[in-house]
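Please look over the sequence and the model below before reading the briefing. The points that follow are grouped by topic.

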Amino acid sequence: MNRLPLKLFLLALLLGCTAVVAAVVKAQLGPRHLPSARYLKSAAFQDGEWKWADAQKGSVKGTLTFSAKRPQQPIVVYLVRLGDADKPGEQGVFSAPATLDVSQKGGKFEPSFGVLVRKQKVKFLNDEENEISHNVYFLGDIEADLGIFDQGQSREHEFTDAGEVSVHCSIHKRMDGRFFIAPNPAYAVLEADSDSFEIKEVPVGKYRLHTWQKQKRFKDFETTVEVTAGGTTSVTVEMKR
Ligand SMILES: [Cu+2]
C-alpha cells in the first residue's frame, strides 16, 4: 500500500496547526502593548463654544453628612453643567491644568492617587535608578495600554473623557494606582478628615452635583444646583448607606 498520500496529509495538518498556533500567539502578544484607549463607561462631554474665562461666576459651598463612620479616604464633589431638559450639556471651553507627573521609582506609582480634569495629561516617568522596565495600563471607565518603556523613558496620556480608572503595570503586579477624571474644573477634593467644601469660580448656570468616593462605603449623592453671578449656593450632601 502506498503511504505517501497519508504522510503528505499529516505534514499538511502539522503545518496548518503551526500556522494557527502562531496566529494565536501573535494575537495575544501583538496588540497587548500598543497604546490604545477604549472608553467604556466613561461619560463623553461636549465643550461647546462658551468659555469659562468669559463667564460670570459664583460659588457652591456645602457640608457632607454621613449615616455611618466616614472612611478615612478622599471624596470628590463635582459638578456637571446641565443643558436642555436638564441633561448634561456643553461643559464650556477651559484650559486644562498642568500635566500630572507620576514617578515609578522603586516599583511604585507616586502619586498613586489623583483627581484630574478632562483634557488634562498624565505623564509616567520611568525614573528607576537601575535598568528596570515598566508598563502602564488603565482599567475601569477608561481602558488604555501605554506600552512597556525602559529606564529614562516616559509615556503620556491625555484623558479626553471623564470617569474612574485604576492604574497597573503588567510587569509588576503590586504596582497600582487610581485616578478620577472630572468633567470640568468645578470640583472639590475632600481629604480623609474633611466634611465641607467650597467650589469657587463656577460659571453661572444649572448643574448636577455628584459625589465620587475612593472607597465606596455610601451611595453616591446627587442633586441639582443653580449658580448665580456673585452668589454662593449652599448644599447639604447626605451620604447614606
Ligand atoms: Cu512596573
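In which sense do strand E6 (residues 121-125) and E9 pair, and over how many bridges? Strand E6 and E9 pair in the antiparallel sense, over 5 bridges, where two strands count as paired if DSSP finds at least two bridges between them. The model is a predicted one, in which local features need pLDDT of at least 70, side-chain atom pairs count only at pLDDT 80 or more, and totals for chains, interfaces and linings use all residues. Residues are numbered from 1 along each chain as its sequence is written.

**Overall make-up**
- The chain has 1 helix and 16 strands; helices (H or I, at least four residues) and strands (E, at least two) are DSSP runs, numbered from the N terminus.
- The radius of gyration of the chain is 24 Å, whereas a compact globule of 241 residues would have one near 18 Å; the value is taken over C-alpha atoms, and the globule rule is 2.2 Å times the number of residues to the power 0.38.
- Taken along the principal axes, the C-alpha atoms fill a box of roughly 95 × 45 × 40 Å.
- Buried residues make up 25% of the 241 residues, where buried stands for 20 or more other C-beta atoms within 10 Å of a residue's own, exposed for 12 or fewer, and partly exposed for values in between, with C-beta atoms placed from the backbone.

**The sheet around E6**
- An open sheet of 3 strands has the order E4-E6-E9, with mixed pairing, and its edge strands, E4 (100-103) and E9 (154-158), each pair on one side only.
- Within the pairing of E6 and E9, Lys123 stands opposite Glu156 in E9.

**The largest nonpolar core**
- This core has 37 residues, and among those that touch the most other members are Val77, Tyr78, Leu79 and Ile199; a nonpolar core is a set of buried Ala, Val, Leu, Ile, Met, Phe, Trp, Tyr and Cys residues joined through C-beta atoms within 7 Å.
- Strand E3 (residues 75-81) gives the most to this core, with 5 residues.

**Backbone details**
- The peptide bond from Glu110 to Pro111 is cis, with omega near 0°, and Pro111 is found in the loop between E4 and strand E5 (113-117).
- Asp86, in the loop between E3 and E4, has a positive phi near 55° although the residue is not glycine, and Asp86 is exposed, with 10 other C-beta atoms within 10 Å.
- Glu201, placed in strand E13 (residues 196-203), has a positive phi near 60°, again in a residue other than glycine, and Glu201 counts as exposed with 11 C-beta neighbours inside 10 Å.
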